[in-house]
Every structure is written in structure tokens, then in C-alpha cells.
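Please view the sequence and the coordinates together while reading.

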Amino acid sequence: MSTPSLSLANAHVGIIGAGCAGLAAGASLARQGVNVTVLESAPQAGGRARSLSWKGARLDNGQHILLGAYQQTLALLSQAGVDEAQALMRLPLDLRLAEGFELQAADAWPAPLHLLVGLLRAKGLSWSERFSAIRFMSWLQLRRFKLGRDISVLALLHDRKQTPTLIRCLWEPLCLGALNTPIDQASAQVFVNVLRDSFARRKQDSHLLLPKQDLSTLLIAPLIEDIKQHAGEVHLRKGVHKIEAEDSMYWLHTEDQNSALYTHVVLACQPFRAGPLLAGLPGTEALQQSLASLQYQPIYTVYFQFDTSVALDFPMLGLNAGISQWVFDRGQLDGQHGLIAVVISAEGAHQSLRQDALAEIVLAELRDHYPALKAPIYWYKVIAEKRATFSCTAGLSRPTMRTDLSNLYLAGDYVAGDYPATIEGAIRSGVQCAQHITLSLTS
């Protein structure tokens, strides 16, 4: 069979996985007039950014926040018709920990002065600690946020003489929130990339964007609709179990015993699912080993339903003693009053606890710090994503978007790039993958 001359008009891209990366690739390609089919094995799209119903509430499988620096995510949502003002609560950087630490960016100043002034005004730090944090950021700025070699975040912080209080109150919460990897393992270069994009360019980049809708409503449904409006297809409960190459094209064999031929394939599923799909393709052995070598970190989200009169002083608050890390008041975000979400990022002792024991400990920590939460709860729900993200460790070699096989690509937050496993990282990879494909079809 001879390979046809490919163009935007006659290409047909099969995308395996309807998470953020796959849907971003699909929407970007469909808008360019490329025939796109997204295949998802689960009954619901969204991957790790999906929502579920529980006792009348809408819960996310992880309580996510976005940053103003997430330009690709914001652009894609705008393209799909999402009104940011209705979908997201935009706040200047405002970190408040129960133990008394507070950092508010001085939004009247341009970047990076808005952060430096904010650090000078921060509560819970000594003057020497404030200047130490400023010196660290200034040092990164002078180096253009490029490290000579990648080391752990903790090693970098120790090298730059950051105190235990600074680490515990500022740098560790930021690292866990961004990289979802313990600071003694996390990649300092990737963490520095996040600091660069969030704090060193535009002051809007450091803004907190808190979802006022569940993730399925905010992200997933608009992207699916955008794909469909541009003649693309999204099929749920249609998992791919085998990929077979034919010249430079690919047969995708689905679990319902159907097969279809595609000019291009984008593997946008989790890497531990992508590896086995490559098993039948000669020349992918090294890639399979690379995917199999990735390690993972969990995210636990514990929800508590209080009376609708219960509220926190601010939509997002932090705890840095015990198991709990970030606390969200969903009543202030999406109108689910009395619903409190607690996030626990990365690995730790909490993984060995039964869900009822974990909920009991988290609730006790909440009540120790927030008097309003001493009220009775109606119910709780623990959602554990045990492989929520890849471990973004120092020196990690991540697979590239392009594979050694023609017209076969990878998309996902784990592929090589500046960002860790975030929504922005996933969407960036999907959009960039689509750009590679369209460029190959138009050059």
C-alpha cells in the first residue's frame, strides 16, 4: 500500500485519551480543519481533571487551581467560548497559612517588584528571612532562572541559605503545589521554571485563578464541544487495545472489536497505559523502557460537608503542620456552601491510613486551626488519585513529544518540557503536538 500525500484535508488523526492533553490536541487540530477522532476507554472524559457527583454535590477528583501564567490554558478556554470572569475567580497572589504566615503580592507594582514588595510586607517572617527570600529571587533573576545543573529543590534552598521557616512556610508549599513531589526529590530546575513564569514576567502571571465551576464544566465539556463543532469526534467507552503500523499509518484496534486506519496517532493517555500500546511497534523498545521507568506521586482530596452556614475567612487557606496542606471553601468558589476540600499532595504517611482514619485526622487538624469548622459534618468523601502525577525529580529524563516512528506522537504533562505535571503542562503538550502535526501537513 502506497502512502498518500498528506494534507490538512485528507489527514485523519487518532487521539488516544480524552484528558486535558488529548482534548487540547483535538481542539487545536479540529480548528485547523484536520479530521480528528478522540478515543477514550473510560465512560467519562477528563482523565485526572474530571468531576463526579456525591450526595448531591459536585466533587473534583483533585482540587486544582490555575495561575495567571497558564497562558495556553486560558487561550484554549477562551477559544472554546469560556468566559473567564464567570468560570474563574482571579485574585492577586495571596497565600495564608493558619500558623500566621501571609504573603500578598503588591499588585500596584509591576513584576517582579510586586513579589519583592510582598515579601517585604510578609507576616510570619523575620526581617532577615524576608531579605533572604528576596536575595534568592534576585539571584535567580540574575541567572535568568537557569541552574548550572539540576539538583533537588531542598538542596538548592539549603545552598541559597533559606531558613527552615522560609522553606516550611513559602518554598515547600509552592513546590508541593506545583510539582507534587517532595522537596528533597523535586527538580530544582522545573521549580525555578515555575517561579520564572509566575513571578518574573507580568504581575498577572502570579494571580491565583480559582475555579468557580467543577472541572468537567470548566475545562472538559467546552473542549469536547469545540472539537465537535469543528467536525471532530469524541468517543467514550472506546478504549484502544492495540496499535498496528501499516506503512506510515496506523490501525487502532478498539476493545469493541472495531478497527480504523489513521494517518497520525497521538498517544495522550497516561504513560503506564501508553507503554503497553507501543509493544507491537518495532523500534519503540527504548521508549517503552523510558515510559516504564517513570515513577508517580499521589494526590488525596478529602471533602467535608458542613451546614451551609459554615464558611472560611478566605477561599483558599494553607496548613503546614500535620497531614493537611491546602483548604478550599467551595461555597465561596462554586456556590456549594458548607463544602470544604482539603488537598494532600505527594507521598507521605497518610497513604497507609484507611480512609476513615485519614478523614478523622484531617478533620481534627481543620478544627484545631479554624473555629468555624468545629461544627458537625454531614458526610465526608476521600478521593485518592494514587498515580496523579509523575514524580518530577531532579535530573529526570522525560520522553520527547516526537517518537522515532513517523506520524506517532506523545502528548501529556509528562513529556519533555519546562513544566511539571499541571493542567497547563498537559494542555501545552497537546497544543504543541497539534502544531507539529499541522506544520508537517503544510510544509
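The notes below cover a sheet, a pair of helices and a single residue.

The model is predicted: local features need pLDDT of at least 70, side-chain atom pairs count only at pLDDT 80 or more, and totals for chains, interfaces and linings use all residues. Residues are numbered from 1 along each chain as its sequence is written, and side-chain values use heavy atoms, with hydrogens and water left out.

**Sheet**
- Three strands, in the order β5-β9-β6, form an open sheet with antiparallel pairing; strands are DSSP runs (E, at least two residues) numbered from the N terminus, and two of them pair if DSSP finds at least two bridges between them.
- β5 (66-67) and β6 (88-91) are the edge strands, each pairing on one side only.
- β5 is joined to β9 (residues 208-211) by two bridges, and Leu 66 stands opposite Leu 209 of β9.

**Helix pair**
- Helices α1 (residues 20-31) and α14 (residues 423-442) pack at an angle of about 35°, their axes 7 Å apart; helices are DSSP runs (H or I, at least four residues), and axes are lines fitted to C-alpha atoms over the stretch in contact, with angles from 0 to 180 degrees between N-to-C directions.
- Residues in this contact (heavy atoms within 4.5 Å) include Ala 24 and Ser 28 of α1 and Gly 430 and Ala 434 of α14.

**Ala 260**
- Ala 260 lies in strand β13 (residues 259-262).
- Ala 260 has a relative accessible area of 26% and is therefore partly exposed, a class between buried (under 20%) and exposed (over 50%), with a 1.4 Å probe and protein chains only.
- Beyond its neighbours within four places in sequence, Ala 260 is in contact with Tyr 250, Trp 251 and Leu 252.
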